[in-house]
Every structure is written in C-alpha cells, then in structure tokens.
Amino acid sequence: MGSVYLLTLRQLAGRWRLSIMAVLALMPVVITMMMLRSDNAASVVDFEQTVLGAMLAGAIAPLAVLAIAAAAFGNEVEDRTLANLTLSPIPRWKIVLPKFLAAITVASPLVAVSALLTAHIAFLGEWPATIAITVSMAVGVAMYASLFVWLGLVSAQAIGIGLLYIVLWEGFFTGYVSGVRLLSIRYHAIALMHGLDPRRFPTEQHVSLAAASGFAVVVIGGFLLLTMRKLRKMDVP
Amino acid sequence: MFKNGLRIALGLGRGGKAKVLPFAFITVLAVIGLIMALIAGAVNRYVGEVIADQLNLPSHSDYNGIASIIMFVFAAVVGPELLCRDRRDRVINLYLVRPLTGSDYIACRWASFLTVMTAAAWLPQLILFIGLSMSAPVPAEYLKLHWLDVPRFLGAGFAMAAYATTLALLTASFTSRRAYASVFLVGLFLISTPFTVGLASQIGGAAGQWISMFNLTNIPVHVNDVIFGEVSEITKAAPAAELAASVRVGWWFAWTIIPATILWARYRRLTP
Amino acid sequence: MTTDPKAVIHVDRVSRWFGSVVAVSDVSFDIGPGITGLLGPNGAGKTTLLRMMTGLAATSSGTVTVFGQPVRDNPPLYRRMGVMSEHETVYGFMKGREFVTMMGRLRGVSDLNTAVDRAIDLVDMADAQHRDLDTYSRGMRQRMRLAATLVHDPEILVLDEPLNGADPRQRVHFTQLLQTLAAEGRTIVLSSHILEEVEQVADTMLLVVNGKLAASGGYRAIRAALNQRPYHVRVVSDAPRRLAAALVGLASVDAVHVDPDGALLVLSRNVLDLQIELPKLAQADSIRLHRVEPLDDSLESVFGYLVEN
C-alpha cells in the first residue's frame with residue numbers, strides 16, 4: 001500500500017499544480033480580510049454564504065480536489081500505466097485506498113489551511129468556530145475526493161463531468177431546489193460546520209451533525225466501494 | 001486541419017462517449033434559450049403584452065449574462081482537447097512535416113473551436129428569437145420592431161465566443177494535461193468574480209471600477225451591454241458598468257487580442 | 001475441450017466482442033512449459049487474446065484458467081505471472097532502478113535489492129539504472145520493463161511485442177535469455193510480428209487470423225498439415241525444359257512452371273517423393289542440377305498462406 005501511496009503522491013504533487021491551487025486557496029483569506037476592513041461589515045450569515053458556502057465549499061474545495069483526485073486514476077488510465085498496479089498480487093482495495101489517501105494528502109492541506117486562516121481572521125481567533133470550519137472543510141475535501149477518484153476511474157471525461165457537477169449541481173440546483181441540497185456535498189459540509197459549533201452557527205436550517213456525519217460516511221464509503229468494484233470489473237487499458 | 005478541429009471539438013468520428021460532453025453543453029445552452037422563450041410566451045399569453053412588457057422578462061441581452069458561465073465551462077472543458085492531446089501524444093510533428101507551419105496549426109485550431117463556440121452562442125439566441133416572435137400576438141409586427149436584435153445577439157455571441165476560445169486555448173497551450181487546463185480556467189473564472197467584487201467595493205471610486213474590470217466572467221458581458229445598449233442583470237452591480245462603452249469594448253479587445261498573440265507566438269516557431 | 005494435464009494456461013472456447021466487432025472467436029488451446037509464439041497480422045486479435053489470458057480483459061464467453069484457477073479477478077495469481085504489454089507503460093519521472101524496485105515491492109518480492117540487481121543484470125541495464133526513465137531510448141525502456149516483469153521470478157511470462165525498439169544485438173541477447181528461462185521450466189508466451197525470431201525461439205506456434213485460431217503446433221507440423229497447399233520448390237539446372245518434361249510425368253508433381261530466367265518452379269504435395277525422384281530423373285537424362293530450393297519451408301510462408309486464406 002505504501003508503494004501505491006507514494007507513487008500517487010509523486011504523480012499528483014506537481015510544483016506548478018500546487019502553486020496554482022495555493023493561489024486559489026488564498027482567495028477566501030484575502031476576501032475575508034477585505035470584508036473585515038470594509039465599513040459595512042458583513043454579518044455571519046453573509047460571510048457564511050459568500051465566503052464559506054459559495055467560495056470555499058462550493059468552488060475552491062471542489063475545484064482543487066477535482067484537479068487532484070480525478071488524476072489519481074485518470075492519469076494512470078490515460079498513460080496506460082494502471083496495469084502496473086492491477087497486475088500485482090494485491091487486493092484491489094490496497095490500490096484504491098492509497099490513491100484516495102494520497103489525493104486527500106495533497107488537496108486537504110491547501111483547503112484546510114485556507115479554511116483555518118479564513119476562519120481565524122473572520123472570527124478573530126475564536127477557536128471553536130475555527131475548528132468547526134476547518135474540520136468541516138476537511139471532511140468536505142474527503143467527500144469530494146472519494147467522488148472524483150471514482151469519476152477519474154470510470155470516465156475519460158471526468159474533468160468535464162466534474163466541472164458540470166460543481167457548476168450546475170453544487171452551484172446552481174442546490175441554490176434553487178431545496179430537496180437537491182440533501183444530495184449536495186457542499187450542503188452537508190456546511191451542515192457539519194453548524195453542528196460542530198452551534199453557538200456561532202445556528203442549526204435550524206441545516207440537518208443535524210449526526211445526519212451530516214452519516215452522509216459523509218455514506219458518500220466516502222460508497223464511492224470507495226464503487227471504485228473498488230469498478231477496478232475489479234473493468235478492462236484495464 | 002480546420003475540419004479535424006471541428007471533429008475533435010464535437011467528438012465526431014469517435015465513440016458515443018466522446019460526443020456526450022460537447023453536445024450536453026450545447027443542449028444545456030439551447031434549453032436555457034428555450035425555457036426563456038417558453039416563459040415569455042406563457043406570460044404574454046396569460047397576462048397580456050402590456051403587463052408582460054412591464055415585468056421586464058429576460059431578453060437576448062440577459063441570456064448572454066445567464067449563459068456566460070456555462071459557455072466558459074464549455075470552453076474550459078472542450079478547448080483543451082484540441083491542443084493538449086497533440087502535445088501529450090507528441091503528434092504535432094506529424095502536422096509540421098507537411099507543408100504546414102506552427103502558425104497554420106494554431107490558426108486552424110483556433111478557427112475551428114471559434115466556429116463551435118460561436119454556433120453554441122448563436123443557436124440558443126436563435127431559438128429565443130424564434131420563440132419570442134412566435135409568442136408575440138402579431139409575429140410579423142414583432143419581427144419588424146425587433147429585427148435589430150438579430151445582428152446584436154450575433155455580435156454579442158461572437159464576442160463571447162472569441163474571448164472564451166482564446167483564453168481556453170492559451171491556457172491549454174501551457175500543459176499537456178487537459179484536466180489541469182480545464183480546472184485552472186474554471187477556477188479563474190469562478191474566483192475572479194467574488195475577488196474583484198469584494199476588492200472593488202472595498203476600494204471604490206475609479207480604482208474600484210478598474211478592479212471590477214478584472215472580473216473575467218463579465219468582460220464579454222460588458223460588450224453585450226454596449227451592443228444592446230442596456231446593462232444586464234449580471235453586470236448591473238458591477239462598478240465597471242459605469243465606464244465608457246469604448247473602454248469596455250477596448251478591454252474586451254485587449255483580453256482577446258493579447259492572449260491570441262501570445263498563443264500564436266507560442267506556436268509559430270515550432271519546427272518538426 | 002479436455003485439458004492437457006501439462007497445461008499451465010488453459011483457454012476454453014473463448015470469444016470476445018466489442019459491440020458488433022468480434023475480436024476473438026471461439027478460441028481454445030492449452031499452453032504448457034516452454035516458449036509459445038502467438039502470431040498473427042495486425043488486428044488479428046492477438047493482444048485481445050493476451051489481455052484475456054492475463055485477466056486484464058474479460059471474456060465475452062468461455063473461460064481462461066491459469067494453474068487451474070480463473071485468471072480474472074484473481075490477484076494472488078500475479079505472484080506467479082509476469083506480464084509485459086505492448087505499450088510503454090512506465091513512469092517517466094522514476095529512475096530505472098526505482099521502477100523495477102517498486103514493481104518488485106508490489107509483487108511481494110522478499111530479498112528485494114538482490115532480486116532487482118539480478119533482474120537488471122539479466123537485461124543488461126546496470127549502467128543506466130540510475131537515470132530517469134524519460135531519458136531512455138525506446139529499446140532501453142523496453143529492457144527495463146522486462147526487468148520489472150522478471151523481478152519477482154515468475155513461473156509464467158506473457159510478453160506482447162517484447163522486441164519493439166530492440167536493436168539486433170539486443171534481440172540476440174533477448175532470445176538467449178528467453179531460451180534460458182524456458183529451460184528452467186517456465187511457461188513463456190510471446191507475441192510478435194518478427195517471424196524470424198519467433199521461428200528460432202518458439203517450440204510451439206499459435207497462429208491467429210481474424211480472431212480465430214488458424215493453426216497451432218510446431219511450424220513444420222503446421223506446414224505438413226496444410227495438405228491443400230502444394231510445396232513450391234525452385235530448381236535451377238542446365239536443361240530446364242527437358243527436366244520439366246520429365247518432372248511432369250511424376251505422380252508427386254502437381255505442376256511445373258518455367259521462369260523467364262530458366263529456373264523451374266515445381267509444385268508438389270509429396271516433397272519426400274520428389275526429393276528421391278528428382279536426382280534420379282536428372283541423372284537419367286544427364287541433366288546437371290545447380291540448385292534445389294524449397295520456397296515455403298519457413299514460418300513466413302505458412303503465416304502468409306494462412307493469412308491469405
């Protein structure tokens with residue numbers, strides 16, 4: 001497992017790619033600083049909706065994770081190097097799990113640090129809120145990673161489908177159709193944040209912490225199982 | 001080369017899966033136009049023309065603002081197919097050993113993708129125009145009053161297509177992996193909006209207006225506003241909308257010509 | 001189909017189709033220890049067959065077993081198999097030795113450094129092992145891939161176009177290596193277009209044409225079994241027309257053509273009889289024979305005939 005994990009880290013942690021993701025991840029920090037300096041200071045609700053919900057959980061996290069996680073298997077399929085791994089006498093989960101963990105290892109520090117700094121600046125060092133935001137974004141990264149790792153294996157058009165998912169599903173439909181939110185990773189990541197610090201983030205309009213955690217487990221576990229199944233059944237290029 | 005570019009962009013000559021994304025995008029764009037036409041038709045029918053006019057329903061001008069992000073995602077996803085694969089598979093030399101230069105190669109790729117993007121921009125507007133005409137109490141009267149909308153939406157659509165095409169291909173020219181080009185471009189579009197909006201409102205004044213001009217999603221929409229002579233919903237709140245028409249159009253020009261020049265410069269010296 | 005008890009790889013009525021295209025059609029054979037050459041023109045179905053034999057692709061019908069176990073979805077079997085595909089499937093950012101080491105680790109090799117050294121020495125790449133794979137020539141990448149295939153000392157080797165990019169010296173070295181490995185009791189399946197090398201090295205051939213198994217066995221046995229095709233023998237003499245007239249009378253001769261250069265092309269379904277009768281005829285008529293040359297006593301001619309027909 002260690003070999004697959006280290007191999008994937010080397011494949012995903014390209015210097016240019018990480019630099020660009022880092023620039024994207026800095027945006028919420030900069031915007032938060034600007035909001036604080038503004039004479040018309042934003043409310044917690046405004047801040048949550050624009051910076052945390054729309055920008056961090058709805059755009060930066062999924063985009064960064066898409067670029068990284070979809071490549072975990074996507075690059076191997078495109079380069080036809082996947083057979084190097086599948087022709088090994090190891091169970092398929094020992095290929096899938098390290099790929100997933102490597103994607104999280106590369107993506108989550110960017111998002112988590114962005115979330116941590118954003119929260120720390122916005123809430124003036126208030127640790128419960130900071131931890132709630134950081135942990136919920138990290139869990140969001142894990143959920144997105146499980147989805148996009150699977151997508152990278154099943155489709156050569158993973159990036160296009162992923163972008164459509166981010167822009168249309170997470171960005172558009174969840175804003176207008178309330179039922180769709182129950183199937184939204186972004187919504188549940190935000191719900192986790194509310195559940196972890198209900199004092200700062202009231203929970204009336206969100207599902208409970210238990211429900212959001214359960215959703216995260218189902219999404220991560222479900223897509224990992226789907227990925228393992230696909231790897232067993234597919235014709236390896 | 002031009003035909004080959006069209007085929008690549010639309011997934012023609014390959015399996016069904018290659019066609020899914022480009023045609024899905026075109027379908028989504030067309031459906032938006034269709035929905036707008038249906039809404040306009042329904043409102044005209046049930047509340048009458050007078051009240052419908054007062055309601056200020058979405059029009060050709062607003063369509064471009066609404067569809068702009070989908071157009072950019074389309075360009076970001078499909079555009080890199082034309083360049084990244086050739087870089088990755090190292091087949092550019094196969095073109096260059098023929099009587100083709102690097103300039104020919106990139107010009108053909110740009111022209112073919114521009115054709116696809118322009119068609120994607122125009123088709124929904126045509127559907128909307130036909131829908132609005134048909135739903136008017138007297139279609140011929142509508143056509144007589146609104147025939148100028150046709151060259152307007154054709155011009156605005158072309159502006160959007162040229163801008164998106166050039167930026168998408170320029171980004172793709174820097175990498176052999178389509179994925180990275182696509183995500184970078186979409187990230188740039190998605191993030192530039194809140195960033196510039198926040199900074200512009202913070203700073204205000206003329207500086208704020210110019211900062212607002214760096215909202216990459218809005219650049220072709222400002223051209224759309226100038227062509228239609230009205231500010232769309234998307235750009236209404238943008239300080240840049242207050243700048244002179246010549247400045248906004250010139251800005252679009254700069255953001256299309258300069259990237260096109262860089263793109264050409266990257267390819268023109270290629271030799272086999 | 002009953003299984004040959006010595007069979008290591010058993011392919012039973014295997015077919016594979018992609019939509020309406022049948023790539024492999026109802027193919028059955030057994031492969032045992034030694035070297036088996038898998039031959040066929042482009043698009044014959046060789047690679048599809050190899051991929052099904054190694055579990056990389058599913059069969060549409062039929063079964064493939066290795067050591068009596070299904071090969072598909074059976075990862076532990078890969079401890080005993082080494083597979084080298086036709087594509088250059090390496091990680092360019094790795095050094096050669098790193099790549100072989102990683103493959104060894106994935107395949108559970110115990111004394112890894114020794115195994116890696118041995119594998120790299122076998123392919124004569126010790127000097128270049130610390131360079132990036134991206135800097136290798138095609139032939140060097142191929143050799144390093146072979147090292148990665150051998151590092152875990154597999155009992156079965158499946159090699160798809162292993163000679164791609166190899167220069168003549170490397171081909172000779174590779175051929176000798178294969179023969180050494182086969183002599184140790186391994187089962188080696190080798191797919192190639194280079195008929196001369198396969199002819200020299202393989203004990204058994206499997207000829208695949210249009211997705212079907214056209215012939216199997218040693219190539220001479222295949223040739224002999226092609227009853228409907230007469231042998232072509234070129235005879236150069238000092239009196240071609242007199243010899244031709246005499247040859248036409250032989251029961252073992254189907255036809256005689258006289259080339260513009262005066263050589264005779266004799267078509268015969270019974271070359272053994274012809275071998276005996278020809279010198280007698282020449283002696284009886286005082287005809288000097290300069291050259292007697294079988295034109296299709298080669299794998300290439302058998303292959304060409306089977307492909308055409």
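Predicted model: local features only at pLDDT ≥ 70, side-chain atom pairs only at ≥ 80, totals over all residues.
Residues are numbered from 1 along each chain as its sequence is written, while chains are lettered from A and ligands numbered from 1 in the order in which they are written.

So, chains A and B. Here 25 residues of chain A are in contact with 23 residues of chain B. On the chain B side, α2 (16-47), α4 (60-89) and α9 (178-203) each supply at least two residues. Helices and strands here are DSSP runs, H or I of at least four residues for helices and E of at least two for strands, numbered from the N terminus. Which helix gives the most to that side? That would be α9(B), with 16 residues. By type, the chain B side divides into 16 nonpolar, five polar and two charged residues. Nonpolar covers Ala, Val, Leu, Ile, Met, Phe, Trp, Tyr, Cys and Pro; Asp, Glu, Lys and Arg count as charged, and the others, Gly among them, as polar.

Let's zoom in on one residue, A:Leu63, which sits in helix α3 (residues 44-79) of chain A. Is A:Leu63 buried or exposed? A:Leu63 is buried, because 26 other C-beta atoms lie within 10 Å. The cut-offs are 20 or more such atoms within 10 Å for buried, 12 or fewer for exposed, and partly exposed in between, again with C-beta atoms placed from the backbone. Leaving aside neighbours within four places in sequence, A:Leu63 is in contact with A:Leu24 and A:Ile166, and also with B:Val183, B:Val186 and B:Gly187. For a sense of scale, A:Leu63 and A:Val77 are 14 residues apart in sequence and 21 Å apart in space, C-alpha to C-alpha.

Now to chain A with chain C. This contact takes 16 residues from chain A and 20 residues from chain C. On the chain A side, the elements giving two or more residues are α1 (2-12) and α4 (82-86). That side divides into eight nonpolar, four polar and four charged residues. And chains B and C? They do not touch, and their nearest C-alpha atoms are 11 Å apart.

That leaves chain C itself, with ten helices and 14 strands. Of its 309 residues, 41% are buried. An automatic or database domain assignment sets the domain bounds, giving domain 1 (9-224) and domain 2 (225-308). The C-alpha centres of these two domains of chain C lie 40 Å apart.

My last stop is an open sheet of six strands in chain C, in the order β6-β7-β8-β3-β9-β10 with mixed pairing; two strands pair if DSSP finds at least two bridges between them. At the edges are β6 (81-84) and β10 (212-217), each pairing on one side only. From one strand to the next, the twist averages 15°. Strands β9 (residues 204-209) and β10 of chain C run antiparallel, joined by five bridges, and C:Val208 stands opposite C:Leu213 in β10(C).

Key:
Axes fitted to C-alpha atoms, helices over the stretch in contact; angles between N-to-C directions. Contact = placed C-beta atoms within 7 Å.
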